Amino acid sequence: MEDCFRSKQGLCFLLFLCVTDVLCVSIHYSMPEEKKSGSLVANVLKDLKLGIGELSARRAQLVSKGSKQYFRLDAHSGVLLINEKIDREALCGQSDFCLLQSEIVLQNPLELYTVEVKVEDVNDNAPRFSQNDSQLEIPEFVPPNTRFPLESAQDVDLGENSIQNYTLSPNEYFRLGIENKKDGRKSIGLILEKSLDREKQPHLELTLMALDGGVPQRTGTVKIKINILDHNDNFPQFIQSEYKVRLKENSPQNTLVSKVEARDLDFGSNAQITYSFHQVPGKILDLFHLNEMTGEITVAGEIDYEKETSYDMSIKATDGGGLSGHCNVLVEVEDMNDNAPEISVISLTDRIQEDAPLNTVVAIFSITDRDSGDNGKTMCSVQMNLPFALRIKNNYYQLMIHSSLDREKVPEYNVTITASDQGSPRLTSTRIIHVQISDVNDNTPVFEKTLFEMRLQENNIPGLLIGSVHAIDLDMKQNGKVTYSLLPGELGGSPAASYISINSETGNMYALRSLDYEQIKDFKVTVRAKDGGTPPLSSDVVVRVLIADENDNAPFFLYPLQNSTFPCNELLPKMAEAGYLVTKVVAVDRDSGQNSWLSYELLKATDPGLFSIGAQNGEVKTRRPLTERDTSKQRLIIAVRDNGVPPQTSTATLNVLPVDGFSDPYLKVVDVRQQDHEDEGTLTMYLVICLASVSSVFLLCIISFVVIKSCKKDLGGTFIGPAPHFPPSRPDIPENCTDSQSGSLSRNYQYDVCLTGGSLSSDFRFLRPLIPVFSVADPNIPIIHKTSPGSQDLSDSVEDNQSKEQVR
């Protein structure tokens, strides 16, 4: 970019000079080529007649007239320096005059100075030949003084720096001839001084050197290789008349057997020898290949020592002139361990009983090896962990039983016979003999367990599968076929076979009848497993059958005994406090486990709030003291429930008679029917009185109501009549409840009396109120109906008496 800019500047200044006609002054300098960059050329201040610093003040510039800026000007010192290394040969070639021009441009005022620098030649190039090697072919019968031209060297330097002389390396056959041509160049050549003999010296190598006249002197050399051409005057001759080689058998194809070599003192086609087999049998041509050019004998077929141990062949060598020579090659084949031992089985027993005696012969075999020497020596072995061993007898190997056999452990053997020779490397061959072991009935059936336990739910269906027993016999086929049977035995005085049966093939056991846990909780039977061998072997095992309980029995009361003879009556003092033990209910269950866990419950009672019963112990106790309102006879219905699934329940009835004291009359059996009639007469009288009173009150209320209505109509709605007067109620008695002290009933209710024959007390059932309650202030208020909570209790009591009469 800088060179381009400077070139444009130079052109502008030249154009400017042409226009303004400025005067130019030329300055001449000289310098040698190949100086380094930055080397001094000259100081232009003296030639330009300028002072120091004037170049800088006038903005001096150096403009090259070529494409490259070879020089640069220091404007401060006026020194002209080399900007780029100059090669005169590259710049001016072979021209004698090499000149570089530049211009110095000064401003204020504008002046131009032409600077011409002559580049002088330096001996920086050595003479060079076009090739480093030069070859000549000269027949051996060429006469002396024959000239052979050579190529001259070239030197790009000029004058004394160019080539000045040639020299030839010393030899006895050639000398160097130099001639000067009209153009100043030198012509060189080789002149033969002595006849050549190719058989003595077929090749010559000379060195030609070119020298220049520069300082320091430079040289260039070339190798001249001279080949002496031959004349066919010699026969081919083999180095050896007989070659002996050893060849390993089974050598692969193209393996080098030997290389024959014949020599011919001639050269060229006269020395070109070709090789061939001479009068050899056809098998040689099939097994070996001879390279006709190199004389190499290689393997072409299969070399087998077992077929042929040596080969003799004749080789002929023929040169290009038809002359020939002969030699013999003897090939001896070396035996290789290429044949593995062969195992030949002569006799074999492939099935042996497991109780066969020791030393029983299983197989007889022989081993052969086609190799020779150590390669043909063999040895044989079998695995060490087998019950077999080898024995040699009359050059035959015998495989016999070495230890006892057991078919149940190993039913068959694959005996590997290994035969190996003693060659290197060793070759090995194997033969596998398959031996099967025949079964003998020597194993008894073995049960999976020493004791079998099976579970059976009671009340089972006859023919139900209980479980299965299984025995294993390690023998095979008929010897290992197991059948099952029950041994004779008794169970509860009956044969065991009447309770249980077994499938002789599968060992499945079945219950023949329905069993009851309460009669038989468990039992044992003996099962025998027998194989089908001869003689048969058997083993026994005990099977224990556990009967699982089922909740099939309801609880049974021991007290109070429910035998439908006499009712169970318990006496209770009227002075008894809360928590008084009246009696204890006792029940049992024939089942077991949680099926026999019992819990008690008070199902019904004449007065539910008077008694309680312990859920676990069955103790009947009072919950509160007795009062005069309590009836003279309390009937309790007690339920007992077991813990089975589903639960079973039984009920019992208990009569409790409150008494003043345990006197003799009360200790006697109470005639419940007589007492019931007496209680019914008294109760009927009380009820008639109560009914008459209630009816009177009702009629009185109706009359009062009619009178009040008549008065209202007469007074025109301005008179307010007095409220009806009722007897004041006691504050300690709640409304609609019975007065416990006087025994009277509530004034607002009417009662129905139900009497049952034979009951100790009467039961009450509340009816809806017969007398409505009116408000004096507002006569339009609707009637409020009230129902006594005690009516439901009386209804329940009536129902209990009815059920009691049905039980009686």
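Predicted model: local features only at pLDDT ≥ 70, side-chain atom pairs only at ≥ 80, totals over all residues.

I noted that the elements giving two or more residues to the patch are β43 (556–559) and β46 (586–588). L561 sits in the loop between β43 and β44 (569–573), and I read its relative accessible area as 42%, so L561 counts as partly exposed.

I then stepped back to the whole protein chain, where I listed eight helices and 53 strands. Of its 808 residues, 37% count as buried, and the chain exposes about 46,900 Å², with 52% of that supplied by carbon and sulfur atoms.

Next I turned to the salt bridges, which come to 22. In one of them R88 pairs with D121, the closest N and O atoms being 3.3 Å apart. Because R88 lies in helix α4 (residues 88–92) and D121 in the loop between β7 (111–120) and β8 (133–139), the pair ties together parts that are 33 residues apart in sequence. Are the two partners buried or exposed? I found that R88 counts as buried, at 1% relative accessibility, whereas D121 counts as partly exposed, at 23%.

I also looked up E261 and R263, whose side chains meet in a salt bridge at 3.9 Å, N to O. Here E261 is partly exposed at 35% relative accessibility, while R263 is exposed, with a relative accessible area of 54%.

Definitions and conventions. Residues numbered from 1 in each chain as written. Heavy atoms only, no water. Helix = DSSP H or I, 4+ residues; strand = E, 2+ residues; numbered from the N terminus. Buried < 20%, exposed > 50% of the residue type's maximum accessible area, 1.4 Å probe, protein only. Areas by Shrake-Rupley, 256 points an atom, 1.4 Å probe, with all protein chains shown as cover. Salt bridge = Lys/Arg side-chain N within 4 Å of Asp/Glu carboxyl O.
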